[in-house]
Amino acid sequence: EKKNKNKSLFGFAKYMAQGVKKKIVDVIKTVEDYTSNDEEHELLNPSDPRPLSTEERDAILLMRAFCPKPSTPDSLVGTILAQGFSSALPNVSPPVLTRSGIVRGADARLPFQGMEAFVKKGVVRRIVFQNAVEYHEVIAGCQTLTMEDVVSALSSSSSREGNNVLEEEDVVRLIKWWTKITSIDTTAFNYAQVIKDNVMFLPAKDRGNADDDDAMEIKKLGEIQFYVEKNTFPSDLPMPDSVIPYSMQQQIGLRILEHSSLREWFSSLPMDVWAVFISQHSCMIDAQALSNNKVRLSVLSVLSREYDCKYPESAQREFGSFIKS
């Protein structure tokens, strides 16, 4: 009996969809409604330029059939109708079409504040959601994404077996997004360390240079502590692994890296940390390599400039003794 009831209910919805199909198609929002050239807006509302597929359009028509537009001025009519359909299936979570396939509404997540850029599975496309809001929120009972979902997704990205290591551009986006989400929701700071520690990524320079993952240099964001201040070090000088890759710093920008929300993640590279690293680097140790002469001169130039900036004289003597040691 329950099976027949469910079948009849969905059959009725399909019948309604056929009757109002032309009207529904006319009001489906286009992809352009969800795109923007403003970077700040795009970080919280990721662009999704892919056109609606035939399957997505059919799904929208069916979902909207459960929530027909009201024929009266009262905007609650559509919601009440949706609640009526929902009460007819009290123990069943209706299906929802997500970016990774069809799942039950209880297992699906709705896009929220740009989190969908980092959670790949079980998330409804924004354009699909906006064209059937009442179905997703009232009938299917879908929940919006949370920081817990982001942490879970990033945790899975740290698994090499799962082949989910992030691309460099994903990490660039994550860092930029973090400065925005924390200004909107300060509780996000509670997840700062766990998010950073769970991110693994492949720097752009290593992509395509090997046929297997073992030969690639996969970095952990949790091990990166520093950025390089402008005009402090030439871009061709070697840097320790604890420094954010140069290509990433160029994309992110120093202004963002110095943002207050990232103080738990990054700080300016101290000269003494770099000096210890460079003193043990092959460019300084291998005296036979003539190709290192230019690098050595550049290193000595940086150290000399730092020495000249020290004040008073006691600070110069202290720095000089440190370099000699």
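Buried residues are those under 20% relative accessible area, exposed ones are over 50%, and partly exposed ones fall in between (1.4 Å probe, protein chains only). The structure is a predicted model, in which local features need pLDDT of at least 70, side-chain atom pairs count only at pLDDT 80 or more, and totals for chains, interfaces and linings use all residues. Residues are numbered from 1 along each chain as its sequence is written, and side-chain values use heavy atoms, with hydrogens and water left out.

Glu134 is partly exposed, at a relative accessible area of 23%. Glu134 belongs to helix α6 (residues 133–139); helices (H or I, at least four residues) and strands (E, at least two) are DSSP runs, numbered from the N terminus. Its C-alpha atom is separated by 8.0 Å from that of Arg64, 70 residues apart along the chain.

A salt bridge is a side-chain nitrogen of Lys or Arg within 4 Å of a carboxyl oxygen of Asp or Glu.

| Salt bridge | Closest N and O atoms |
|---|---|
| Arg50 with Glu56 | 2.9 Å |
| Glu116 with Arg126 | 2.5 Å |
| Lys219 with Asp241 | 4.0 Å |

Lys219 lies in strand β7 (residues 219–220) and Asp241 in the loop between β8 (226–227) and α10 (246–252), so this pair ties together parts that are 22 residues apart in sequence. Lys219 is buried at 11% relative accessibility, whereas Asp241 is exposed at 58%.

Arg50 is partly exposed at 40% relative accessibility, while Glu56 is buried at 7%. Both residues join Asp48 and Arg125 in a network of salt bridges.
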